[in-house]
Amino acid sequence: MRGNLGKVFELANIQVFRHAATPKSYTDWLGRKLFLALLTVQGLGAFALITLGVIIKKFNFARSVMQPRIRHEINRSGVSLLPMFFFIALALGFLVVGQTVSALAKYGATDYLGSTMVIVIVRELGPLLTAMLVLARVGTANVIELGTARALGEVEALEALGIDPVHYLIVPRVIGMALGIFSLTIYLIIGALASGYLFAFLQDVALTPGDYFKQITEALNWLDFALLALKTMAFGFFIAIVTCYHGLAQPLRLEDVSRVAVRAVTQGVIVCVLIDAVFIVLYLVT
Amino acid sequence: MSENILNSTVIEMRDAAISTLRDSSLTVVENVNWSVASGEFWVVAGQQQSGKSDLLMTAAGLLLPSRGSCRVFGCETDSFSEAQLAERLRVGFVFAGGKLFSQLTVAENVALPLRYQKNLSEAEVSENVSALLEIMELTPFANSTSVNLAANWRQRAALARALILKPELLLLDQPLGGLGVRHRQWLLQFLEQLRVGHAWLGGQPLTIIASTDELRSWRHTQRRFAVLDEKVFSVIGVWNEVASSASTAVKELLAEPTAAIM
């Protein structure tokens, strides 16, 4: 196998360690796990850089093929998930925001409402919940589709036609997921904040809609918007990288696909939490 | 086509060791020394798991030889990267079973290389695809996905996909595998038309290499034969030399399929 994907497949040598005999001591077992984790990080990092390179280098290449594929992925990771996110936004508003608003009103602490909502919904819960849901809905589908395509030899067929599999298969998924998670997070935040107030209003909380939204807008600053965009794009980029990496850089067997999907989701969750941790540091220092 | 182009070397392997797609450390064929001239029709025969597919993929530049060298159109395949995309597109490859993209229709499968590699309008793409589908009698199946297609037509659609970019070298991995009698005959005649120069290719002769696990179907005076047996690649020559060969491997590949059962 040649080209960009060849570099990814070299990284799949990680399988040798996975299938080796079980170590006899705990320290050996721990050492192997650590080594595997480092190899995975190396593989994912290299795959992310290769994909980024292809996005930049082939930004305008084969537009008649790539644009419909990118539109399809935006639809899959964004538009088609809107009904589900409408429901989740209502649930989040009723269960979390509404209760928080009424609790703060009960203790006369409505002055803290804006900053509480911004920290809980805008900075943390909105982006992370969106990322988790898209990972579950679309990320798993990525692993299964790509794993199956690889097992059926479609990846080799692409290379034989001079089509870069990273460009054709990965780039649309990365762009679609980054834009999808960004857009869905915005809708989720707006929906949760609005339905949250609705719930508080039904509980006769003494807070006018004007005061409620004024407090929230005052608690927001330009950095929240910039970091929210960066964070959601980072979630989308890395979820797509993790799921596509596991879909492609695996042995050519159909029976491996489901096991790999579980591993990809686990690693996707870990990556999202790590990205979130990086952004918490950014929020704290700025 | 000038005499010069006809006699130019298309593939040249020197002491090449062929490894497998699944495990690059495993060598399946040793020391391949092979030259394919422009316009030749080669048949590479071997039993199952003898390394035919890997040899063809190496010859197409899709796999690297683990040792030695492989040059395609004078270009070393280890430097056969995207910079040499134009050289790479001179090679067409048909996989065993077709390996069509399952989510695309036949017409979309055939159009994909054209849409991706050439900056053509949708009308030009459509015109080219329709013309090729017509030549290959695939028009009634244009909107079928590969899942809904019989193996005979799947193989033919894969050949159409490989021909859409008008290659100068065509490699076919087990093209007769699983085909019915009518489709086998059609394919053998069509490949012969391509070898001498088909209208689709502007009358230019096509260099063809096909792999097989039986030799009888490929009997033809204008074809050259090679055999893979126990990691050894041997050039046998033309059909007369195949028919008179004392090699056990060649005799096994010449045997009637029913002879083994009897």
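1. A:Asp276 is buried, at a relative accessible area of 7% (buried means under 20% relative accessible area, exposed over 50%, partly exposed in between, with a 1.4 Å probe and protein chains only). Its partner in a salt bridge is A:Lys231, at 2.7 Å from N to O (a salt bridge is a side-chain nitrogen of Lys or Arg within 4 Å of a carboxyl oxygen of Asp or Glu). The two residues sit 45 residues apart, A:Lys231 in helix α10 (residues 222–248) and A:Asp276 in helix α11 (residues 257–285) of chain A. A:Lys231 is buried too, with a relative accessible area of 0%. Helices (H or I, at least four residues) and strands (E, at least two) are DSSP runs, numbered from the N terminus.

2. Please keep in mind that this is a predicted model, where local features need pLDDT of at least 70 and side-chain atom pairs count only at pLDDT 80 or more, while totals for chains, interfaces and linings use all residues. Residues are numbered from 1 along each chain as its sequence is written, chains are lettered from A and ligands numbered from 1 in the order in which they are written, and side-chain values use heavy atoms, leaving out hydrogens and water.

3. In chain B, a salt bridge joins B:Glu30 and B:Arg67, with 2.7 Å between the closest N and O atoms. B:Glu30 belongs to strand β2 (residues 27–37) and B:Arg67 to strand β4 (residues 67–72), so the pair ties together parts 37 residues apart in sequence. B:Glu30 is partly exposed at 28%, and B:Arg67 is partly exposed at 42%.

4. Back in chain A, a network of salt bridges links A:Glu73, A:Arg76, A:Glu145 and A:Arg173. Over all chains, the search of the whole structure finds 18 salt bridges.
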